[in-house]
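Subject: Structure handover

Hi,

Here is the structure for you to look at. My notes on it follow below.

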Amino acid sequence: MTVATAQPRHRIRPRVAPWAFLAPAIVLFTLFLVLPIGYAIYLSFVGLRVQGGAFGTRQQVFVGFENYINALTDPELVASLGRLATFGFISVPITLGGALLVALLLDLPRVRFARFSRTAIFLPYAVPGVIATLLWGFMYLPTTSPINYVLSAIGWPTINFLGAQGIFGSLANIAVWASLGFNMIVLYTALRSIPVEVYEAARLDGASEWQIARLIKIPLLAPALLLTLIFSLIGTLQAYSEPTTLKSMSNSISNSFFPLMKVYRDAFGVDNVSGAAAMSVVLALGTLAVSVVLLRVLQRRTFEGTR
Amino acid sequence: MTAVASARRIGSSRGTAARGRGTTQWLPTIILLAASVYTLFPILWVVTASTKTAGELFSTFSLAPGTGFLENLVDLSTYEGGRYWLWALNSLIYSGGGALLSTLVSALAGFALARYNFRGRSVVFTVLFAGVLLPGITLAIPQYFLVAQAGIANTYWAVLLPSIINPFGIYLATIYAQGAVPEETIEAARIDGASEWRIFRSIALPMMAPGLVTVFMLQFIGIWNNFLLPFMMLSDESKFPLTTGLYMLLNRGTGTPVLYTYAIMGALLSIIPLVILMLVLQRYWKLELLSGSLKG
């Protein structure tokens, strides 16, 4: 009975409870993230080989880095990475630059309809990529495009949105439209968390809003900007539903147009599971590496900032 | 006149510097409204396009309203015995169920990481955080093979289960719990003899609720917008969510233009509930979590 009085003090540091609370997350994380990565790595090191002469069976054998060498020297993958880079070089700077601009404008005093604009710009975030592409696809189709309708009505040449060159801008536009609002919100909420006193003094000294934005707000936004850059890069590497959906409206998109489309086709279309697994691993590790490097930069900067 | 105007300009800029009130800044307002027109334009287009018959869609000016709204609605609703509404229901099941379970899992894990000191805590946190940076979609193919081996490919579980784990949600829940659940309250409850589960359910969970709304919404929209996962996991059309269903309609539309009108009506109907949900829940969102998340 006397032991019971010591009980509460012992329970101050529970050992089992945190693991019990974490258990569902750890189990699901293992099953749907760790295991698939392990399985992809395993698949990327094996290949099917016919063994036992002419009537032999196909068996899985260890092939070392063969799948990786084949994947990395595959001109189709290299070409798809090049197309993805072209797309990313257009979409990422415009998205981040645009999001920064609208976030700074929303943060200005005496701007009308700010609430309306913020909601309107954020709205596409709730529209799935497939549906965003469907909507813009009809804007691009020569027979339904309101843009080309107006252009031809005033006698200007129409734009070939779905041609071999135009397709990059058209895809980038869908990406910008879909992700501008989310990035704007991240940057805007970061701006709101800056204490007003920080730039109120500058305002009293007669600094223009442009000077305040350039010299005070943007430097303080650096961590949030880096965060949006990381999200954008991860998002760009995963581009799949937009080009796949637009493919049914344009001949300029092949089924290996972007890396992930090629991975999907190799795995299911041409039954090259090992090659697809090797490409998946390369893409996942590549993205992870870029993100980690960017985060390191971020940590160093915030650390210097707090000193 | 000019003297008065310039004097007023100087006066107003001085005044606003101190008070932040005064005449409207028109250039920023106009740029913001132009951006709004850009984001709203395709949505306006789909509203007018949904009123058009297949013939009108390709012949009349795209922003002019047509005469076929009801006809399109009935046609879409009766397409293959109401398949569209089945897709909508499926989307709701995947997104609602997945986001609810995901939020619960994230809340449990977030509370444990934020408010317990235990051996291995930082390792768990680091590993989970690495999951945030991993491009999840590249995992869809090995996920499919594992799910197929487990014998649950082409079932609701194949889409639901992978949607429950959301490292970013766990991360946000951890950050939020650190700020919203005071350690003293937990200590006090413990001294009063409350079990750890009781502390979580009755004390921590209500305190974390505003942050969890954000975790729920982000995951709901994430699952609602997901395409590759259901595209890969499901072969039976009756289990499709809206994204894969509409993709298939559009793909078939290449041969039969009437399916285009179905896809347009379907796109409009699928946007409406999410827009309403977003507008209603906007005030409850704690989106500052997103930008503040890396500082924690």
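Where is the place of B:Asn154 in chain B? B:Asn154 sits in the loop between α7 (140-149) and α8 (156-164) of chain B. Helices here are DSSP runs of H or I with at least four residues, strands are runs of E with at least two, and both are numbered from the N terminus.

First, the ground rules. This is a predicted model: local features need pLDDT of at least 70, side-chain atom pairs count only at pLDDT 80 or more, and totals for chains, interfaces and linings use all residues. Residues are numbered from 1 along each chain as its sequence is written, while chains are lettered from A and ligands numbered from 1 in the order in which they are written.

**Loop residues**

Back to B:Asn154. Its phi is positive, about 60 degrees, although B:Asn154 is not a glycine. Most residues other than glycine have a negative phi. B:Asn154 counts as partly exposed because it has 15 C-beta neighbours inside 10 Å. The cut-offs: 20 or more other C-beta atoms within 10 Å means buried, 12 or fewer means exposed, and in between is partly exposed, with C-beta atoms placed from the backbone.

A:Arg110 lies in the loop between α4 (75-106) and α5 (114-122) of chain A. With 17 other C-beta atoms within 10 Å, A:Arg110 is partly exposed.

A:Ile159 is in the loop between α7 (146-153) and α8 (166-192) of chain A. A:Ile159 has 16 C-beta neighbours inside 10 Å, so it counts as partly exposed. Leaving out residues up to four places away in sequence, A:Ile159 touches A:Ile147, A:Asn148, A:Leu151 and A:Gly166. Contact means C-beta atoms, placed from the backbone, within 7 Å. A:Ala190 is 31 residues from A:Ile159 in sequence, and their C-alpha atoms are 38 Å apart.

**Chain B**

Chain B has 15 helices and 0 strands. Of its 296 residues, 45% are buried. Among contacts in chain B with a separation of 6 or more, 72% join residues 24 or more positions apart.

One helix pair is worth a look. α5 (residues 83-115) and α11 (residues 196-225) of chain B pack at about 140 degrees, with axes 8 Å apart. Axes are lines fitted to C-alpha atoms over the stretch in contact, and angles run from 0 to 180 degrees between N-to-C directions. That angle makes α5(B) oblique to α11(B). Under 35 degrees is roughly parallel, over 145 roughly antiparallel, 65 to 115 roughly perpendicular, and the rest oblique. The contact includes B:Gly98 and B:Ser102 of α5(B), and B:Met208 and B:Phe216 of α11(B). By class, this contact has 14 nonpolar, 7 polar and no charged residues. Nonpolar covers Ala, Val, Leu, Ile, Met, Phe, Trp, Tyr, Cys and Pro; charged covers Asp, Glu, Lys and Arg; the others, Gly among them, are polar.

**Between the chains**

88 residues of chain A are in contact with 84 residues of chain B. On the chain A side, helix α2 (residues 16-44) gives the largest share, 16 residues. That side divides into 66 nonpolar, 16 polar and 6 charged residues.

**From the record**

An unreviewed UniProt entry annotates residues 81-294 of chain A as "domain: ABC transmembrane type-1". Over residues 81-294, chain A is 74% helix and 0% strand, with end C-alpha atoms 20 Å apart. UniProt annotations may be inferred rather than shown by experiment, feature names are shortened, and positions follow the numbering used here.

Best wishes

Terms used
Two residues are in contact if their C-beta atoms, placed from the backbone, lie within 7 Å.
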